[in-house]
Each structure stands twice: as C-alpha cells, then as structure tokens.
Amino acid sequence: MAAVLVLRYGARGGRRALRETFEKLLIANRGEIACRVIKTCKKMGIKTVAIHSDVDANAVHVKMADEAVCVGPAPTSKSYLNMDAIMEVIKKTRAQAVHPGYGFLSENKEFARRLAAEGVTFIGPDTHAIQAMGDKIESKLLAKNAKVNTIPGFDGVVKDADEAVRIAREIGYPVMIKASAGGGGKGMRIAWDDEETREGFRFSSQEAASSFGDDRLLIEKFIDNPRHIEIQVLADKHGNALWLNERECSIQRRNQKVVEEAPSTFLDSETRRAMGEQAVALAKAVKYSSAGTVEFLVDSSKNFYFLEMNTRLQVEHPVTECITGLDLVQEMIRVAKGYPLRHKQADIPINGWAVECRVYAEDPYKSFGLPSIGKLSQYQEPLHVPSVRVDSGIEQGSDISIYYDPMISKLITYGSNRAEALRRMEEALDNYVIRGVTHNISLLREVIIHPRFVQGDISTKFLPEVYPDGFKGHQLTDHERRELLATAASLYVAEQLRSQRFLGTPRIPIAKSKRSSWELSVHLGDGIYPVAVSKDGSSFSVEVDGMKLNVTSEWNLALPLLSVTIDGTQRTVQRLSRDASGKTSIQFLGTVYKLQVLTKAAAELSKYMPEKAAEDTSSILRSPMPGAVVAVSVKPGDMVSEGQEICVIEAMKMQNSMIAAKTGKVKAVHCKAGDTVGEGDLLVELE
C-alpha cells in the first residue's frame with residue numbers, strides 16, 4: 001500500500017529507465033507544488049533551480065532546490081509572473097527545462113512560446129494546446145467539434161456590462177460569468193439577475209486581470225446543484241492518450257475546491273468510461289501531450305457537460321497517484337523528453353480510495369474561509385498516522401502572507417475503501433498541529449464526518465446547503481460536551497499538580513498530604529457547569545451533570561498533542577492556550593472551544609467582575625481579513641444605504657465587496673485605494 005503514497009522509483013521509473021534525461025530543471029512556481037516537483041526530480045537525478053520573490057527567500061522550496069534565484073519583489077506581477085526575470089534566470093543557470101506547476105505561468109502560451117524560442121523544454125503541452133484549451137471560448141468550440149458534451153452559453157468575448165446583461169437574459173438566469181483565461185475559481189461569479197450580472201462582470205474582469213493578465217470574460221448557463229467531477233488525462237507526443245480515472249471535487253467554496261477524492265461515489269463504470277473517452281477525444285483533437293485535466297459538471301441524472309480543460313498539473317493530482325500508483329510529475333517529465341507512455345488503458349487500475357483536504361490559513365467561520373496571515377509558531381504534520389501523505393511548502397517559522405494563496409498543505413489519506421480513507425483523514429486532522437494562524441481544519445473535519453458526505457450525497461452547493469447560516473464549528477452532543485468539560489477540568493487539575501512539584505519532588509518537603517479532590521466551575525459557551533474531580537492514580541474521576549467519567553492520559557502538558565481516554569474512548573486534543581484567570585482554548589473534535597475553569601470559590605467571586613461592553617459594529621466597518629484596498633466608493637458626508645458597497649478589499653487574489661450594515665451618513669474614511677490593511681482594521685465610520 002505504501003507504494004501508492006510514497007514516491008518511489010525503481011528500475012522502470014528512475015534514471016536507469018531514462019537513458020537520457022534533463023540535467024537541470026527550473027521550477028517556475030513556489031510553495032508546495034515547487035517542493036512536489038523537486039522531490040520527483042531528486043529521485044530522477046535531475047538538478048533543480050528554484051525561483052523566489054524577496055519575501056520567499058527562506059521558503060522551503062528555496063532550501064530544497066540545488067540552486068535558487070530571486071526574481072523580484074513580493075507582488076506576483078513583479079516576481080512569479082515576471083517572464084523577463086524568469087527567462088534571465090533560465091539563461092543564467094542553463095536550465096534545460098521548466099516545470100510551471102499550477103497557477104502563475106502554467107497555462108501562459110506566451111511563456112511556453114518564449115521557452116521554445118530559447119530551446120528550453122516546457123514540461124507541459126505544446127503552445128497550440130495551451131492556447132486552445134487555456135482559452136475557455138476556443139476550448140468550448142473545440143470540445144463541440146470533438147463531440148464532447150458542452151454547456152449552453154455565449155461562444156464569444158463579452159465586451160462590457162451592458163452586453164453581459166443582454167447575453168445573460170438571452171441564455172436565461174442563472175448564469176456563470178468567468179474569465180476566459182482563468183482557472184482555480186479566480187474571476188468567476190454566479191449571477192441570478194441583471195444587477196448581479198453587472199457587479200459580477202466588474203469583479204470578474206478585475207480579478208481576471210489581476211490573476212492572469214487577461215480580463216476577457218465569457219458567460220454560460222449555470223447548472224444548478226451539479227457535481228464537479230474531472231478526468232485526469234495523460235498523453236505523449238506519439239499519439240497515445242490515457243484517462244486515469246476521475247476525481248470528485250464537488251466540495252467547494254467560492255468556486256475553489258476544498259475536499260477531493262478518487263474515485264467518485266457517484267459514477268458507475270459506464271459513465272466513467274464515457275467521460276474518460278470524451279476527455280481523451282478532446283486531448284487528441286488538440287494533439288495534447290502531457291498531464292492534463294478535463295473538468296465536467298455532472299447532474300443528478302449523470303448527464304455530464306464539459307466545463308474546461310486545465311493544461312497543467314492539477315492541485316488535487318495526489319489522489320490520482322494514490323489509486324493508480326503513477327507519479328504524474330515523472331510522467332510529465334518523460335513525455336516532455338519525448339518518451340512514449342509506458343502504460344495502456346487496460347493497465348490503469350482503481351486500487352483503493354484516496355481523499356484530499358486542502359488545509360488553508362483561513363477563518364472558516366467567515367464565508368467558509370477568509371484568509372488569515374501570520375507566522376507558523378508551531379507546525380507538526382500528522383505523518384505518524386498510517387497511510388498519510390502531506391504535500392506542503394512550509395515549515396515551523398514560515399510566514400503566511402497576503403501576497404499568495406493561503407494554502408498550508410494538501411493532506412491526503414489512503415485506504416482500501418472509502419470508509420477507511422475517511423477514518424484516517426479524521427485521525428490525521430486531529431493530529432495536525434498548526435499554531436500562529438487561523439486554519440480551516442474544523443471545517444474539513446466536519447465535512448468528512450457529515451452524514452451526507454459519508455453517504456456520497458454531495459454537490460457544489462454542499463457547504464451552503466448544510467450550513468445555510470454559515471459554518472459554526474462542531475455542535476457538541478450532550479455526551480461530547482461532558483467529555484470536553486471532563487477533559488478541561490482534568491487538564492486544570494493536572495496543571496495544578498504539576499505546579500506543586502519541582503524536578504519530580506514536592507517544592508515544600510513539609511507540605512501537607514496531597515490533595516485528592518477538587519470542586520470546579522467550568523464556563524463553556526453560555527453555560528456554567530459544576531464539575532467535581534478526584535484523582536485515582538494517573539486517572540481522574542470526573543463528575544459532570546451527575547454522571548461520572550474516567551479520564552486517563554500521560555498528562556505531558558508540554559506536548560502539542562494530548563491523547564486522552566474518556567471511558568474507553570480515545571480522543572486526541574490540543575490545548576492551544578491558557579492564562580492565569582483560568583481561560584483556556586482546547587481543540588476538541590477539530591473545533592477550538594473557549595472555556596474558563598475556576599475553583600468553586602473563584603467562580604463565586606468572578607460574578608462581581610465587570611464585563612467589557614460589546615462594540616457597536618453597526619456604525620463602523622472593519623476589515624474582516626488582511627488584504628489590500630482596491631477601491632473606496634464613499635467619502636465623508638456621503639449618505640449610504642444598508643447593503644451599499646463601501647470599499648473593495650483584495651486578499652490572495654480574490655476581491656471582496658465590503659458593504660454598509662445600516663443606512664447612514666459617512667463620518668470618516670480611514671483607508672484609501674492601495675492601502676494594506678489587517679484583520680479588524682477600521683475602514684469607515686458612520687454617524
């Protein structure tokens with residue numbers, strides 16, 4: 001089983017199999033995908049060159065590569081999208097090939113053309129395929145000609161907002177407005193009426209220009225409540241092409257995938273084959289060579305429609321590697337060097353099940369994930385859990401900045417079946433230590449244990465349907481609440497006992513006999529619960545709600561992970577913080593809970609402590625995330641209506657409209673276009 005998770009290269013796959021390969025390869029990317037490519041290159045005996053911006057000088061991919069060169073300042077337009085600087089590095093280092101990863105220049109035909117002109121191999125398809133498939137308008141026409149099922153829509157470039165409204169009316173609402181050159185959820189908006197079409201056109205064109213340097217948009221019918229299922233294809237320069245099964249990518253927020261798996265619970269062998277054959281037909285129609293992905297929308301009747309083709313390695317490629325045993329990066333390098341594919345369609349298996357969770361530095365309680373920035377003060381991947389793979393490009397001490405995608409890692413688990421893969425994912429998420437930034441592990445864990453997800457009843461609307469009022473974290477059952485209260489009380493007592501000892505010896509030799517029972521009061525949410533704790537060896541007997549629970553652990557409070565057994569049930573918890581007032585934060589079942597543990601006497605006295613008055617947020621607008629101010633729509637003295645746009649904040653290439661919470665007069669504006677703002681910064685005040 002390990003062979004499908006760990007990248008291994010035997011006589012067939014290593015350098016011995018490639019009698020001639022590249023001596024040096026440059027990775028035109030950053031983060032986890034750059035690290036992923038470097039790992040395969042090392043196994044193949046290929047030297048690597050990393051590029052980086054000035055803020056990424058100490059990044060993991062820079063340390064892993066044989067050489068590293070700075071290509072500019074932090075903004076992507078001046079570094080990772082700076083073709084002139086990258087071409088100079090290629091010449092300077094004499095790299096023979098370039099792997100673009102995903103995003104950035106991976107689907108830029110001009111970059112591929114410039115590389116070809118310099119005699120440098122692009123690890124990807126030829127320029128004509130990038131142009132044909134990278135342009136959503138042209139790719140849709142080609143798909144139609146290749147007899148691939150397509151979505152009804154306007155096969156041309158939308159000129160302005162007025163034309164967008166006219167086209168949307170002709171197609172019929174709802175419609176999808178999206179960047180012609182885009183991908184990864186950038187530059188995409190769903191519109192249900194004329195007003196949303198105009199707003200969507202504005203934001204999509206701005207995001208498209210920012211992310212891809214191309215603001216052209218197209219409009220097509222939005223298929224409500226579909227599944228997002230994609231087919232991995234692999235083709236060589238000799239006319240051979242394979243489909244490597246499907247990936248289920250329906251769990252999304254803001255058109256970006258969050259959880260992926262392979263295979264899909266929904267497809268039968270007949271539908272899988274039909275989708276695979278259409279994907280290969282499209283690849284052959286454009287003489288495609290390399291790894292690529294054909295994305296489909298699939299309705300409840302298993303009708304499928306071509307969405308787009310990504311002419312690059314996909315973010316979620318690891319789940320395909322797990323169930324097929326192939327290393328897609330290695331296959332891409334072999335194809336680029338001119339070798340034919342080593343496999344036939346009949347050789348491609350579905351062995352077991354793989355699930356991938358995208359771990360982001362995001363606050364899942366804000367629109368299912370608004371970006372968070374900061375330094376990873378503590379970081380520990382759950383690699384001790386069986387059958388776990390973590391693709392990451394960060395380490396303890398790394399910075400998550402506003403300039404790039406907030407992904408921390410891709411967490412992948414494998415099992416002989418789906419249930420086993422999901423159990424391992426649950427364990428891996430519980431054992432993942434991430435401190436210093438807000439992360440989305442609570443959301444990921446809730447998704448994979450939700451009955452609908454477990455049953456395979458999912459669509460691209462899963463998150464808003466399951467959490468119509470937004471994500472609120474894990475909702476504790478009465479039994480789980482008692483487990484949490486017992487754990488918090490036991491931790492408090494263990495801390496008290498530890499503070500009485502010094503190097504394993506009581507601090508005061510003449511101290512009275514050891515205390516063995518504690519009367520505590522634990523505050524959780526809106527409730528205050530009396531808890532009685534008594535010590536029995538290394539265990540605690542805890543009484544909550546009149547019920548006794550036995551809590552056992554090694555009580556090593558210095559470790560970031562604490563394995564606690566409560567009445568025979570093992571839980572992995574993390575105590576994230578504590579202070580002298582008894583306040584503590586505990587990660588339990590994936591969600592962080594804030595509690596306060598006090599002695600009975602201290603709880604009585606705390607009633608007399610004044611509480612801080614809550615801030616009136618209706619008259620002020622604070623930034624919900626760190627980012628850059630793109631536009632400010634008001635000035636002091638202006639009258640604004642409830643819901644009116646006040647300003648636009650861009651974070652991690654996504655633009656977010658900030659609106660007024662009430663009707664009123666603008667008292668003060670504390671930001672201007674171009675400003676960098678932090679989470680919670682005051683933007684605008686109303687009278």
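## Helix 4 and its packing

The buried residues of helix 4 pack against strand 1 (24–27), strand 2 (47–53), strand 3 (67–72), strand 4 (97–99) and helix 5 (109–117). Contact here means heavy atoms within 4.5 Å. Helices (H or I, at least four residues) and strands (E, at least two) are DSSP runs, numbered from the N terminus. The model is predicted: local features need pLDDT of at least 70, side-chain atom pairs count only at pLDDT 80 or more, and totals for chains, interfaces and linings use all residues. Residues are numbered from 1 along each chain as its sequence is written, and side-chain values use heavy atoms, with hydrogens and water left out.

Helix 4 covers residues 83–93, and its buried residues are Met83, Ile86, Met87, Val89, Ile90 and Thr93. Seen down the helix axis, these fall within an arc of 155°, so they line one face of helix 4. The arc is that of the directions from the helix axis to the C-beta atoms. Buried means under 20% relative accessible area, exposed over 50%, and partly exposed in between (1.4 Å probe, protein chains only). An α-helix has 3.6 residues a turn, so residues three or four places apart point the same way. Arg94 follows helix 4 and has a positive phi, near 60°.

## Helix 5

Helix 5 buries Phe111, Ala112 and Leu115. They cover an arc of only 100° around the axis, which puts them on the same side of helix 5. The face turned away from that buried side carries the exposed residues Ala116 and Ala117. The cover over the buried residues of helix 5 includes helix 4, strand 4, strand 5 (121–122) and helix 6 (127–134).

## Domains

The chain is divided into six parts: domain 1 (24–123), domain 2 (134–151 + 226–351), domain 3 (154–221), domain 4 (357–462), domain 5 (478–499 + 515–607) and domain 6 (620–686). These bounds come from an automatic or database domain assignment. The centres of domain 1 and domain 5, taken over C-alpha atoms, are 50 Å apart.

## The second largest pocket

The second largest pocket has a volume of about 940 Å³. Its lining has 28 residues, and the closest to its centre are His523, Lys583, Gln596, Leu598 and Ser606. On a 1 Å grid over the protein atoms alone, a pocket is an open set of points where a 1.4 Å probe fits, with protein on both sides within 12 Å along at least five of seven lines; lining residues have an atom within 4 Å of a point. Grid points are joined across faces, edges and corners, and the volume is the space filled by probe spheres set on the points.

Several elements each supply at least two residues of this lining: strand 26 (517–524), strand 27 (527–536), strand 31 (569–578), strand 32 (583–588), strand 33 (591–599) and helix 18 (600–606). Helix 18 gives the most, with five residues. By type, the lining divides into 11 nonpolar, nine polar and eight charged residues. Ala, Val, Leu, Ile, Met, Phe, Trp, Tyr, Cys and Pro count as nonpolar, Asp, Glu, Lys and Arg as charged, and the others, Gly among them, as polar.

Leu242 is found in strand 11 (residues 241–253). At 5% relative accessibility, Leu242 counts as buried. Not counting residues up to four places away in sequence, Leu242 touches Gln232, Val233, Leu234, Val280, Leu341, His343, Lys344, Gln345 and Ile348. Leu242 and Gln232 are 10 residues apart in sequence and 8.4 Å apart C-alpha to C-alpha.

Arg622 sits in strand 34 (residues 620–622). With 34% relative accessibility, Arg622 is partly exposed. Beyond its neighbours within four places in sequence, Arg622 contacts Glu615, Gly680, Asp681, Leu682 and Leu683. Val677 is 55 residues from Arg622 along the chain, yet their C-alpha atoms are separated by 9.6 Å.

## Backbone exceptions

Most residues other than glycine have a negative phi, and most peptide bonds are trans. Ser290 has a positive phi, near 140°. Ser290 belongs to strand 13 (residues 290–298) and is buried at 1% relative accessible area. Trp555 has a positive phi of about 55°. Trp555 lies in the loop between strand 29 (547–552) and strand 30 (562–566), and is buried at 13%.

A cis peptide bond joins Tyr173 and Pro174, with omega about 0°. Pro174 is in the loop between helix 8 (161–171) and strand 7 (175–179). The bond from Ala262 to Pro263 is also cis, with omega near -5°. Pro263 lies in the loop between strand 12 (256–262) and helix 10 (269–285).
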